[in-house]
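This report looks at how selected side chains are placed in one protein model.

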Amino acid sequence: MTEIQTRARTAEGLLPASGSTGHEWWRTAVIYQVYPRSFADSNGDGVGDLPGITAHLPALQELGVDAVWLSPFMTSPQRDAGYDVADYCDVDPLFGTLDDFDRMLEAAHALGLRVIVDLVPNHTSSDHRWFQEALASAEGSEARSHYWFRDGKGENGELPPNNWESVFGGPAWTRTTNADGTPGQWYLHLFDSSQPDLNWESPWVWEQFRGILRFWLDRGVDGFRIDVAHGMVKAKGLPDYTPEQRGGSLSGASVTLEPDISDEEPGSPMWAQEGGHDIFRDWHKVLAEYDGDRALCGEAWVSPPAKLARYVRSDEMQQTFNFTYLETPWNPDALRDVIAESLAAFNGVGAPSTWVLSNHDVIRHPTRFGLMDGSPQGHGIGPKTPYRPNKALGLQRARAATTVMLALPGSAYLYQGEELGLPEVIDLPDSARQDPTWFRTGGERYGRDGCRVPIPWTASGPSYGFSDSGKSWLPQPSEWATMARDVESDEPDSTLSLYKLLLAEREERSLGGGTLEWLEGYGDDVVAFRNGDVTVLANLGRASVPLPAGEVVLSSEQLDGDELPTDTAVWISD
Ligand code: NOJ
């Protein structure tokens, strides 16, 4: 193959019929994450919105994805970019109206794209009327029992009820003030103080969320991404807990803002509690009342995969994000291990494995793979971080990593902009930052703004085609001009062209529903497997390796004659 060619995907015009058991759409789907604030702005306020999404859905159909997942667009004061919901059954005016949502959903379905919406059940916004009622109610009242209100420790209740820390930094408890101005009880928030945790021991909370699920299911959504699925139920008595310190290197470190749960840390009282599974069993039944294979996808930072797979047993959720895969360093043994472990674990419960490399909470993977081993980078990267990624190397590895990922059986998630090869934006000014992590740690952790910068549609024009007004809620870097969708559409070797080709070939060869067979004989540095009629090789070593016989379907970089260069992946058919 001399160059990457793009191929248009067949436009189906109608949503494909739902599958029979074992062939449901979510088993093999490629799902594209739209982060509404940063996708496309239709009204010029510098924040993306629902009509902006509707207008650009054809670009996603052309890309070749099967579904979109929308991060929250519900009513919210936006203290955590919408993951602080004040009304679960309405659209925030920042993003439009319920009618805009219905139009977007209809347009997506007409293009053959399914739509998953984000549900945030671990916590509400502190602006939510449930929490405001709780604050206005007496200690021990029914309204307070929907959240975690507790008396403080110490002589005058001046100390938090336990030692838990917020994921965003600082204590996980905030003290309230009584109507007469005296200090009151404390409430729990695993995230920002504007995100009080709901108490899932309350049957009332269960009832509210059944209603919320039905509200969106009745409107026609195809499923939900469940925020903090592993944190909803807490250990009885809320005992103190001192987590093991985690390192921050690419070789074996968390790259995320949320601690993941592993076998080595079985004692955490806030994550991965057994009782959480009952909630998903209940929701499974609610979804089963509806036609069309509606699906739940859990955001559960739980490892190893065997433990994570318990969230997708046949009566629980349909999918769960495979963050162990996302956190895997660019190392052949680690990559083989995580793929094998994931397939074994998910096959064991009859669920598809999912695969993901980027999302709105982690450093974009072209930047992540450009950071050398040993670089601490678990909490964002910014101007004062004492190291810089190797950009060219990072992008090359990212393209190879995606070429491997899209050949794997199961369902894959893409994050908006990764199809353009966008890097993390490192040089955001402090004054522009909005992530609560940045504020709660006094600037010690940069947080996630760098992966959330509005994406470029055009090389020229106001805010690179994001907004006609030229506004953008986070400043866009000048390199967006060379990575905009219109530029990359015309370049056969661009990352966009590679993604289109990968998605078209994946669909044509039914790789999502295939079976993986490991191949031997290519050396320790080459990850080699077969799925259907495709042989996939990824060279993670330091020297080129000979290519086997067969027709090259695609490769993540130009090939070197009959050799597979380093940091390059290839698909070969018989
Ligand atoms: C996970 C979401 O992906 C993240 O963006 C959010 O800040 C936390 N959960 C809290 O809702």
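## A glutamine side chain and its surroundings

The side chain of Gln318 reaches the backbone nitrogen of Leu296 at 2.8 Å, which falls under the heading of a polar contact, that is, a pair of N or O atoms within 3.5 Å in which, within protein, one must be able to donate a hydrogen and the other to accept it, residues adjacent in sequence counting only if both atoms are side-chain atoms. The model is a predicted one, in which local features need pLDDT of at least 70 and side-chain atom pairs count only at pLDDT 80 or more, whereas totals for chains, interfaces and linings use all residues. Residues are numbered from 1 along each chain as its sequence is written, and side-chain values use heavy atoms, with hydrogens and water left out.

Gln318 lies in the loop between helix H6 (305–308) and strand E11 (319–320); helices (H or I, at least four residues) and strands (E, at least two) are DSSP runs, numbered from the N terminus. With a relative accessibility of 10%, Gln318 counts as buried, a term that means under 20% relative accessible area, with exposed over 50% and partly exposed in between (1.4 Å probe, protein chains only). Leaving aside residues up to four places away in sequence, Gln318 touches, with contact meaning heavy atoms within 4.5 Å, a set of residues including Trp26, His284, Arg294, Leu296 and Pro352.

## The nonpolar cores

In soluble globular proteins, nonpolar side chains tend to be buried together. A nonpolar core is here a set of buried Ala, Val, Leu, Ile, Met, Phe, Trp, Tyr and Cys residues joined through side-chain atoms within 4.5 Å. The largest such core has 141 residues, of which Phe224 and Trp283 touch the most other members. Its largest share, seven residues, comes from helix H4 (residues 203–219). Apart from this core lies another, of 15 residues, with Trp164, Leu188, Val228 and Tyr241 among them.

Trp283 is buried, with a relative accessible area of 0%, and its contacts, not counting residues up to four places away in sequence, include Leu119, Pro121, Trp200, Phe209 and Leu296.

## Aromatic pairs

The structure holds 30 aromatic pairs, where rings of Phe, Tyr and Trp (its six-membered ring) pair if their centres lie within 6.5 Å, and planes under 30 degrees apart count as stacked, over 60 as edge-to-face and the rest as tilted. The rings of Phe73 and Trp216 have their centres 5.7 Å apart and their planes at 85 degrees, so this pair is edge-to-face. Because Phe73 lies in the loop between strand E2 (67–70) and strand E3 (74–75) while Trp216 lies in helix H4, the pair ties together parts that are 143 residues apart in sequence.

Phe209 and Trp283 form a stacked pair, because their ring centres are 6.5 Å apart and their planes are at 25 degrees. This pair also links distant parts of the chain, with Phe209 in helix H4 and Trp283 in helix H5 (residues 276–288), 74 residues apart. Both rings belong to a cluster linked by ring pairs, which also includes Tyr88, Trp130 and Tyr311.

## Cysteines

The structure holds zero disulfides, a disulfide being a pair of cysteine sulfur atoms within 2.5 Å. Cys297 is in no disulfide, and the nearest cysteine sulfur, that of Cys451, is 17 Å away. Cys297 counts as buried at 1% relative accessibility, whereas Cys89, at 25%, counts as partly exposed.
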